[in-house]
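Colleague: I have a structure open and want to learn how to read it. Could you take me through it feature by feature?

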Protein chains: 4
Amino acid sequence: MPVGLIGLGLMGKPMALNLLRAGFAVTVWNRTRTRADEVLRAGARWADSPREVAAGSDVVITIVSDPPALEQVLWGEMGAVTGLRPGSVLVDSSTVSPALARRAAEACAARGADFLDAPVTGGTWGAEKGELVFMVGGKAEVLRRVEPVLAAMGKRWFLLGPHGAGQTVKLAMNAILALQVQALAEALALVSAAGVSAERLLEVLAASMARAPVLDIKGPLMLQRNFAPSFPLRLMHKDLSLALELAGQLGLPLPATAAARETYSAAKGLVREDVDYCAVARFWERTATAGERPTGSVGDT
Amino acid sequence: MPVGLIGLGLMGKPMALNLLRAGFAVTVWNRTRTRADEVLRAGARWADSPREVAAGSDVVITIVSDPPALEQVLWGEMGAVTGLRPGSVLVDSSTVSPALARRAAEACAARGADFLDAPVTGGTWGAEKGELVFMVGGKAEVLRRVEPVLAAMGKRWFLLGPHGAGQTVKLAMNAILALQVQALAEALALVSAAGVSAERLLEVLAASMARAPVLDIKGPLMLQRNFAPSFPLRLMHKDLSLALELAGQLGLPLPATAAARETYSAAKGLVREDVDYCAVARFWERTATAGERPTGSVGDT
Amino acid sequence: MPVGLIGLGLMGKPMALNLLRAGFAVTVWNRTRTRADEVLRAGARWADSPREVAAGSDVVITIVSDPPALEQVLWGEMGAVTGLRPGSVLVDSSTVSPALARRAAEACAARGADFLDAPVTGGTWGAEKGELVFMVGGKAEVLRRVEPVLAAMGKRWFLLGPHGAGQTVKLAMNAILALQVQALAEALALVSAAGVSAERLLEVLAASMARAPVLDIKGPLMLQRNFAPSFPLRLMHKDLSLALELAGQLGLPLPATAAARETYSAAKGLVREDVDYCAVARFWERTATAGERPTGSVGDT
Amino acid sequence: MPVGLIGLGLMGKPMALNLLRAGFAVTVWNRTRTRADEVLRAGARWADSPREVAAGSDVVITIVSDPPALEQVLWGEMGAVTGLRPGSVLVDSSTVSPALARRAAEACAARGADFLDAPVTGGTWGAEKGELVFMVGGKAEVLRRVEPVLAAMGKRWFLLGPHGAGQTVKLAMNAILALQVQALAEALALVSAAGVSAERLLEVLAASMARAPVLDIKGPLMLQRNFAPSFPLRLMHKDLSLALELAGQLGLPLPATAAARETYSAAKGLVREDVDYCAVARFWERTATAGERPTGSVGDT
């Protein structure tokens, strides 16, 4: 079964390598060709356009950074949609809006192809280990057909409902992750400003009902100010924005997600380089320092 | 070593029972005497005032619901402070502000007694099992003296710094817990409004980096609308307010904690009975339903 | 000078009538033709597409409800851009993102036409009276050429910078208006829940430094629960979303705007019909009632 | 009618001077005696304690900075309450919680004295010009008796309900003012980060429905970074905290007020000196600059 993969970023590259390791014939395309070197050396075939990838594959995986990038690889000049073979399956593992997933599903149907929205969780680490989790929207029968392909890249997949359901759950999951990291960042800022050791907070956290794998990993990195990107802040910011956009369309308030998104916006504005989303902790850098010298209070109005 | 315990609420009662089981002579007082029946039957002695408790104890534990209640049992008429024996230790396991902890420490010192702020985490379940975790502010030497008493009620204690440090970390920890539950509530509301099964979100969550014991427990209860109080919402609301008050004094913004506190305020306003803090999910009840029928959009301004 | 107007909504219709009154030859198009009846009776000419409007006009005004609607009338099938005459001016009075304004400017330039982003403030009342205020981005020389057209519909125009500057200021202005109404709604909810007359708050407000025309108008309507749309809530919600999107791109936090947007989302989810944005007050309806019976407080944890 | 005034801060001092100008015999006390010099030169009599002020006055005005300060002058050692003459009136013009106002009213009643909560709006400028507005809670008959005294300091008074109603409306009014200034600060940050002139935003604002006296005054000061205190940020922060505390007790969410309070917290943490509340604009200083260099976006995940 020939497999195509469009997008060789932090996630797409290890996914392609795992597909090759599993014995699939893999055709790839990426906006910047140099990022494909390692994958080509490992045996992948280069295609000159998303369309060419689609034309040569039974299963096409797209994993790009945001909705405009997905629109470009699907519907732009030499886009994948016009190349899709009848009976093939397009699996989009980007994180985009459920509405865009449904539009993509319709475009595939018009070409006689099937579609799954299948965003992933697990980060670069999970992508490298082949332990991604796929959140899938679409038909059970279509999912069954691509399971061997998913199994090369991940360990679990959840069929969550019709087209768009995978993206909906992905946006909800990332909102939870972002808020957990935000919660830890606020708590660390609070104890530090109050003169208590942030390390001790992590110890108590590890012994509490609040402990979580994401906090086990990000907590020490935040204390060390090690913000090397695992899941980039700009992408988490984008996902929070998509979650809020979806909620806004549904007439649903998400107060803490909205407050967190603004903090991620601020952190994004403070950095030049690409950083992990736990760099949201930088939001408190200046104020935490300043907070150690609280303003005085006088007795009369 | 005679031990006194002031406050026989959801936490205080099982703590008293565990002290008795461990063989301590326990004297108790509670605002409402009838709540003491079970503890008295188990062998505790009743005192007619906080002062009388203090006068007969080497270690006095206070565990009441909020700062005014603590001020009342310490400094009100027949309050504990005036009864403290020189050389005794007052251990306050209520959750109050670090500033109040420091005031209590000074009042103890003026009586020749020692003080520890030692708020707990673990909930009623931890109190019953004797598996509480104590977050302690004060002197290591004083902590050592009361360790046998703490060991009867809990499994771990962390010495976090001088007086107030225990309360500071407790407020930070509760802010994390409240935000985790808020995050889950927002995510559940989002997927439900979008027509995706909330149960499926919990499945994906359990397989993700975001899984946490507090969410394992509260998630299913939230889906069942089972809001029987384990940790009451009104107390979580109070703790969030104390965390924000502390941050405000330090000149530190806590945007997501603040947003969550308002949601907890709203949920508190929606209920008459005492409910668990995971009842914050009720905030979305009306809007989630309404959200299923999004308002139309027209094409012209 | 033949003038085209695309979009005959709450704003576009009175703007077209004022152009006709001022003696301009006006060609119109609207997605729903029946909305054009009054304007056609007043002397306007109907065109069968945005393209046809553009082909017959020296100045083309677009005023549609949101970015997708603008993209449709500009670049959709039979869109206006392909019809633009060299030397003509496209004036977009919709509220969209600055980025979209810049894209429109580029598309016009490619056709040899000029562009101004010129969103308006003043509401339906201002549109009817011909007292709109235009916030303009583009070249001074181009603005000068269309001033006679703007003068027929409005009383003032501000040249604020290059393409996109008009939209930027419009988004900022609407954020201020939305927050003023939100502030009043929060204040009214607070005094009402506390048992104080909301009418008296409006009296004090009118005597204070906080008084503002928007509050003079919306305050009494909010007390009467009169939410007939002047500026629809769904459009204010869209504008707040655009402001937050712009801020997010710039790495800038807008905490209160974000909190308000969620409240507008919730209010949007509570209504079926089209309502004014001051219906954000509906957010507090249930909680305000419930708030009159605060939950009790007990003395022990 | 001998009048006492306790608290000679930014507001109390000009109020005392106006009482003297109006011919009243005025006795004063202030925590720091040196602040009384000007008032004593103008003819006031010094008393050595709040109690002594009360003992010599028919009307006692208190105007101190916060609830603890009021508790101190009322119930501390040599506090005013124990000195109140039967039949006298205590007028508290501090901004405190409605609950504290009710406690003060009860304490007065126990001494055979009357009480009004009568916080003021108008700032130092209004205090100097004798143009304050009083928001009064209490009995109409009592208000009538003190009207000549209020008339010496202010131009209007509103009787808003029973004890506490004046404070409730004052907290609501200050929340509106704080949010208006926050809204302007967010809007200025947005246009500046987007490269548009902040001055132009103020021009458009002045021509819009959003114009307000508070913005006319604060806007130019914010552009000049002139944060000389008229109404100190620390007091606005305190008032927002009191409004949120009241709302929390009532089970009422105030999302934008809460978001704004965190921004005021952050601004408070950034300054050492006493600044006006429009210094909330400093919150965006760093991020606004950083925002001008938005982080890049890559095309692949």
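Modeller: Start with the chain itself. The secondary structure of chain A comes to 13 helices and nine strands. Helices (H or I, at least four residues) and strands (E, at least two) are DSSP runs, numbered from the N terminus. This is a predicted model, where local features need pLDDT of at least 70, side-chain atom pairs count only at pLDDT 80 or more, and totals for chains, interfaces and linings use all residues. Residues are numbered from 1 along each chain as its sequence is written, while chains are lettered from A and ligands numbered from 1 in the order in which they are written.

Colleague: What is the radius of gyration of chain A, and what does the globule rule give?

Modeller: The radius is taken over C-alpha atoms, and the rule is 2.2 Å times the number of residues to the power 0.38. Chain A has a radius of gyration of 21 Å, close to the 19 Å from the rule for 301 residues, so it is as compact as a globular protein of that length. Its C-alpha trace spans about 80 × 45 × 35 Å along the principal axes. Buried residues make up 65% of the 301 residues in chain A. A residue is buried if 20 or more other C-beta atoms lie within 10 Å of its own, exposed if 12 or fewer, and partly exposed in between, with C-beta atoms placed from the backbone.

Colleague: Which domains does the assignment give for chain A?

Modeller: Such bounds come from an automatic or database domain assignment. Here they are domain 1 (3–162) and domain 2 (168–291). Their C-alpha centres lie 29 Å apart. Twelve residues of domain 1 of chain A are in contact (C-beta atoms, placed from the backbone, within 7 Å) with twelve residues of domain 2 of chain A. On the domain 1 side, helix H6 (residues 123–129) of chain A gives the largest share, three residues.

Colleague: How do I read a strand? Which residues of S4(B) lie on each side?

Modeller: In a regular strand the side chains alternate between the two faces of the sheet. In strand S4 (residues 59–62) of chain B, Val59(B) and Ile61(B) sit on one side, Val60(B) and Thr62(B) on the other, and all are buried. Two strands pair if DSSP finds at least two bridges between them. Strand S1 (residues 3–6) of chain B runs parallel to S4(B), joined by four bridges. Leu5(B) stands opposite Ile61(B). S4(B) also pairs in the parallel sense with strand S5 (residues 89–92) of chain B, over four bridges. There, Leu90(B) is the bridge partner of Val60(B).

Colleague: What is the phi of Met78(A) near?

Modeller: Most residues other than glycine have a negative phi, and most peptide bonds are trans. Met78(A) has a positive phi, near 60°. Met78(A) lies in the loop between helix H4 (67–75) and strand S5 (89–92) of chain A. With 16 C-beta neighbours inside 10 Å, Met78(A) counts as partly exposed.

Methods: Two residues are in contact if their C-beta atoms, placed from the backbone, lie within 7 Å.
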